[in-house]
Amino acid sequence: MNNAHNLSRIDSKFLMSAPNLKQCPAPEKTEVAFAGRSNAGKSSVLNQVTGNKSLAKVSKTPGRTQMINFFEANIGGLLVDLPGYGYAKSSKSAQIQWQKAVNEYLSFRESLQGLILVMDIRHPDQDYDREILNWADESGLDVHILLNKSDKLGNNKKLDTLGKTRLKYSAYKNTSIQTFSALKGKGREELINKIAGWLKRH
Ligand code: GDP
């Protein structure tokens with residue numbers, strides 16, 4: 001009874017930050033990365049997955065928000081927090097740097113097994129979400145989409161958005177999707193099973 005189904009969280013600790021692909025650690029361990037628009041709830045999702053509030057704090061530390069942050073998971077492998085995109089206050093040059101780092105990472109990182117893409121269920125399918133899905137598709141990378149903040153919608157609206165978004169993305173072959181609430185922890189088991197499954201691949 002020690003399989004992924006029984007994991008209630010994935011304990012993780014901070015390893016390092018890198019400003020670009022070149023400075024990432026050697027690609028020796030399986031990785032699962034997290035991406036999303038700023039404010040979609042990526043840090044809150046990381047808190048839910050790891051049960052560790054200080055972990056997402058690392059990713060919010062000034063100077064680290066534009067970095068690729070690596071965390072070692074106790075079940076083996078790394079969780080990777082990619083810089084959030086579309087933060088209104090960040091400069092044009094910071095956004096260009098973000099695009100370059102994330103594009104390179106998603107396109108060329110050999111150890112990357114899967115990507116968790118966090119969206120706000122009230123505003124899914126933004127331009128940059130599409131770009132990420134396109135990069136992932138071109139690289140044959142598996143993506144699991146979280147429609148986060150599901151607690152903000154009633155059940156009907158939630159299921160309606162899930163259905164519509166699934167349909168919109170049906171052309172992306174390597175993509176799965178679920179509703180999630182980082183606030184309530186709803187959907188956590190499905191998410192943790194997905195991540196643990198990816199981390200176990202070699
Ligand atoms: P990030 O910028 O993507 O890392 O987003 P944060 O994790 O900092 O979350 C942004 C805001 O959304 C914060 O005020 C969170 O408390 C809130 N938030 C995140 N996830 C949820 C959720 O599932 N439900 C609700 N109601 N609020 C959430």
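Which helix gives the most to the shell around the ligand, and with how many residues?

A: In this predicted model, the helix that gives the most to the shell around the ligand is H1, residues 42-50, which supplies three residues. The shell holds 16 residues, of which Asn 39, Lys 42, Ser 43, Ser 44 and Asp 151 come nearest to the ligand. Sorted by class, the shell around the ligand consists of three nonpolar, seven polar and six charged residues.

From the backbone, an N or O atom of Gly 41 lies 2.9 Å from an oxygen atom of the ligand, and a backbone N or O atom of Ala 182 lies 2.8 Å from an oxygen atom of the ligand. From a side chain, a polar atom of Lys 149 is placed 3.0 Å from an oxygen atom of the ligand. Of the 580 Å² of accessible area that the ligand has on its own, the protein covers 74%.

Lys 149 sits in the loop between strand S6 (142-148) and helix H5 (155-168), and, because buried means under 20% relative accessible area, Lys 149 counts as buried at 19%. A second residue with a positive phi that is not a glycine is Asp 125, where the angle is about 60 degrees. Asp 125 belongs to the loop between S5 and helix H4 (127-139), and with a relative accessible area of 18% Asp 125 is buried.

Within helix H5, Thr 161 is buried, with a relative accessible area of 9%. A polar atom of the Thr 161 side chain lies 2.8 Å from the backbone oxygen of Lys 157.

Moving on to the strands, S2 (residues 31-36) is largely enclosed by the rest of the structure, because six of its six residues are buried. Glu 31, Ala 33 and Ala 35 point one way from S2, while Val 32, Phe 34 and Gly 36 point the other way, and all are buried. Strand S2 runs parallel to strand S4 (residues 78-81), to which four bridges join it, and Glu 31 stands opposite Leu 78 in S4. Strand S2 also pairs in the parallel sense with strand S5 (residues 112-120), over six bridges, and there the bridge partner of Glu 31 is Leu 112.

In soluble globular proteins, nonpolar side chains tend to be buried together. Here the largest nonpolar core has 34 residues, and those with the most contacts inside it are Leu 82, Tyr 105, Leu 106, Leu 115, Leu 117, Ile 132 and Ile 145. At least two residues of this core come from each of S2, strand S3 (68-73), S4, helix H3 (92-108), S5, H4 and S6. Helix H4 gives the most to this core, with five residues.

Key:
Residues numbered from 1 in each chain as written. Predicted model: local features only at pLDDT ≥ 70, side-chain atom pairs only at ≥ 80, totals over all residues. Heavy atoms only, no water. Near = heavy atom within 4 Å. Polar contact = N/O pair within 3.5 Å; in protein donor to acceptor, adjacent residues only side chain to side chain. Areas by Shrake-Rupley, 256 points an atom, 1.4 Å probe, with all protein chains shown as cover. Nonpolar A, V, L, I, M, F, W, Y, C, P; charged D, E, K, R; others polar. Buried < 20%, exposed > 50% of the residue type's maximum accessible area, 1.4 Å probe, protein only. Pairing = 2+ DSSP bridges. Core = buried A, V, L, I, M, F, W, Y, C linked by side-chain atoms within 4.5 Å.
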